[in-house]
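Here is a short report for a reader who is new to this structure. Please look over the sequence and the model first.

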Amino acid sequence: MIVAVRRQRNALVEPALVRWMLIGMTVLLLCVFLLLPLLVVIVQACKSGVGGYFAALGDSDTLASIRLTLLTAAISVPLNTLFGVAAAWAIAKFEFRGKSLLTTLIDLPFSVSPVIAGLVFVLLFGSRGWFGDWLSAHDIRVIFAVPGIILATTFVTFPFVARELIPLMQGQGTDEEQAALTLGASGWRMFWHVTMPNIRWGLLYGVLLCNARAMGEFGAVSVLSGHIRGVTNTMPLQVEILYNDPGQYSAAFAVASLLALLGFVTLALKNFLEWRHGDELAAVRGS
Amino acid sequence: MSAAILPRASTAMKATAKARVTRRSRPPRSALPGFGLSLGFTLTYLSLLVLIPLAALFLHAAGLGVTGIVRELAQPRVLHALGLSFGGALAAATINTVFGSLVAWAFVRYDFAGKRLLHALIDLPFALPTAVAGIALTTLYAEGGWLGAPLAQLGIKVAYTPIGIVIAMVFIGLPFVVRTLEPVLEDAEKQLEEVAATLGATRLQTIVHIILPSVLPALLTGAALAFARAVGEYGSVIFIAGNLQNVSEIAPLLIMIKLDEFNYAGATALAAAMLVMSFAVLLAINLLQSWNRRHG
């Protein structure tokens, strides 16, 4: 009987040797694929020493690219946050026809190549685009200028907040809001005092991911930027230009290290949120 | 007589069906405010930013006519780029299916040192800007790089070849498979495994016949998501690709090149072809997920 029990337990876990092999392979693969690229950035950025590092970051073109990246994120992230909350409110709290179609359409930008995201705005606002003549008649520049960069960034980061909030708010239902209304709260009061506290961590989570993508977007912005140094270069584009210049190799990695830091902080905050408020994000993680 | 019973039976059936529908769909009719405002804003914003621009692309493509599109696509350089993007993405998704299953399994079922740190790193490809990933992978796999040097001694050239492209695509696709698979593996019923073991199944038989079928839809969804992302990926791929015409030139880069040459027709045709194929994958993912919900 003891033998039978032991046989049964053995049939529920893998042999120790197999287990250690699987763990070893996992650790090795993740170190090679995730840890090494991060280490390379740090090591390369440090190669020129502290002085070289800060000289690279203090370059006027680089500073301009940092300012443009911050400006782009400061416009596109709030816009998409507002949209995400509105979309999640409509989709999660109400029943209407075409809801699943709408949900699918919101995810659309995820399956569009960043380069194509840039291209569609060239077709609309470029010199040969639909609005090209009108724009040039009014002397408004969209393509190869800052508005185009912001448009493209907003397009590629469009679904992030909505995607986090929809499943979360669907899981929470409408009972608490109904109760607030019954007790006489106004619509806005109900939203700020009942809905917002319920979704704040999920919202923050979505905003973080949206912001990381907005600051790091490369392909879409690359199509629309025109690569004018100091004017229409965002940080990722500045990295590309410096990287392709043989003398600026370490400078490229210095700027890249700032972006890597952004990614790293995003990741740390994301994991902190999952660890600290995991129960409130449960619906998000399951999706 | 049967005619008299039948309508009643169908009414009863309808009633139960109706009851089931109302029970399933959360609020029957919501009394909450803000529906018009939120839906109106959502639809306007979605249309202005996403739908109209994408429609513009397809209208431009339609303006080329069928022969025009075929002429733009049927060039060896274009066909090679499309083949490389889709072939590379397929290879990367396949590798990620194996690699992602292994990682998800190890994280869900085992405990080991450094597990939390590594688990936190899984989403790095989502958080790290693609251009940074691109130059980091290139430096790593270039001939003098940490991994490129030993690989070169084995006679394997990674950077500036299609292998490099696949490596970059594996990098950006990995979290999709792991993140889709993990919750399903966590929810998998241990009881079924116990039953299988009691009935005399070996561990391998249990994994192949009990666990694999139950996680298969999630695995396929994750692989399809990784595939869709890899097809259109630009930033992390172009640095390591080397971008040799007809060798390592991916479709998104070719769109970029055609735009730089003011060949709008060529860029539009290629983009439309890529989008149609990506949407087909998206449709497949949606069907898979609804199938998953019905069987999960």
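Does Glu95(A) count as buried, partly exposed or exposed, and at what relative accessibility? Glu95(A) counts as partly exposed, at 27% relative accessibility. The terms work as follows: buried means under 20% relative accessible area, exposed means over 50%, and partly exposed lies in between (1.4 Å probe, protein chains only).

This is a predicted model, in which local features need pLDDT of at least 70, side-chain atom pairs count only at pLDDT 80 or more, and totals for chains, interfaces and linings use all residues. Residues are numbered from 1 along each chain as its sequence is written, chains are lettered from A and ligands numbered from 1 in the order in which they are written, and side-chain values use heavy atoms, with hydrogens and water left out.

**Chain B**

Chain B has 13 helices and zero strands. Helices (H or I, at least four residues) and strands (E, at least two) are DSSP runs, numbered from the N terminus. Chain B has 296 residues, and 51% of them count as buried. Its accessible surface is about 13900 Å², with 68% on carbon and sulfur atoms. Such areas come from the Shrake-Rupley method with a 1.4 Å probe; for residues, only the protein chains shown count as cover. Among contacts in chain B with a separation of 6 or more, 75% join residues 24 or more positions apart. Contact means heavy atoms within 4.5 Å.

**The interface**

Chain A puts 93 residues in contact with 93 residues of chain B. Together the two chains bury about 8700 Å², 78% of it on carbon and sulfur atoms. Buried area is the accessible area (1.4 Å probe) that two parts lose on being put together, summed over both.

Ten residue pairs are in polar contact between chain A and chain B, both residues at pLDDT 80 or more. A polar contact is a pair of N or O atoms within 3.5 Å; within protein, one must be able to donate a hydrogen and the other to accept it, and residues adjacent in sequence count only if both atoms are side-chain atoms. On the side of chain A that touches chain B, helix H2 (residues 16-46) gives the most, with 21 residues. By class, that side has 65 nonpolar, 18 polar and ten charged residues.

**Salt bridges**

A salt bridge is a side-chain nitrogen of Lys or Arg within 4 Å of a carboxyl oxygen of Asp or Glu. The count over all chains is 14. Two of these cross the interface of chain A and chain B. Some pairs are listed here.

| Pair | N to O distance |
|---|---|
| Lys270(A) and Asp123(B) | 2.4 Å |
| Arg203(B) and Glu14(A) | 2.5 Å |
| Glu233(B) and Arg229(B) | 3.1 Å |
| Lys99(A) and Glu95(A) | 3.5 Å |

Arg203(B) forms a salt bridge with Glu14(A). Arg203(B) lies in helix H10 (residues 203-232) of chain B and Glu14(A) in the loop between helix H1 (2-10) and H2 of chain A, so the pair joins two chains. Both residues are buried.

Lys270(A) and Asp123(B) belong to a network of salt bridges that also links Glu274(A), Arg179(B) and Glu182(B).

Within chain B, Glu233(B) is buried at 2% relative accessible area.

Lys99(A) sits in helix H5 (residues 99-107) of chain A. Lys99(A) is buried, at 13%. A polar atom of its side chain lies 2.7 Å from the backbone oxygen of Ile91(A).

Notes. Nonpolar A, V, L, I, M, F, W, Y, C, P; charged D, E, K, R; others polar.
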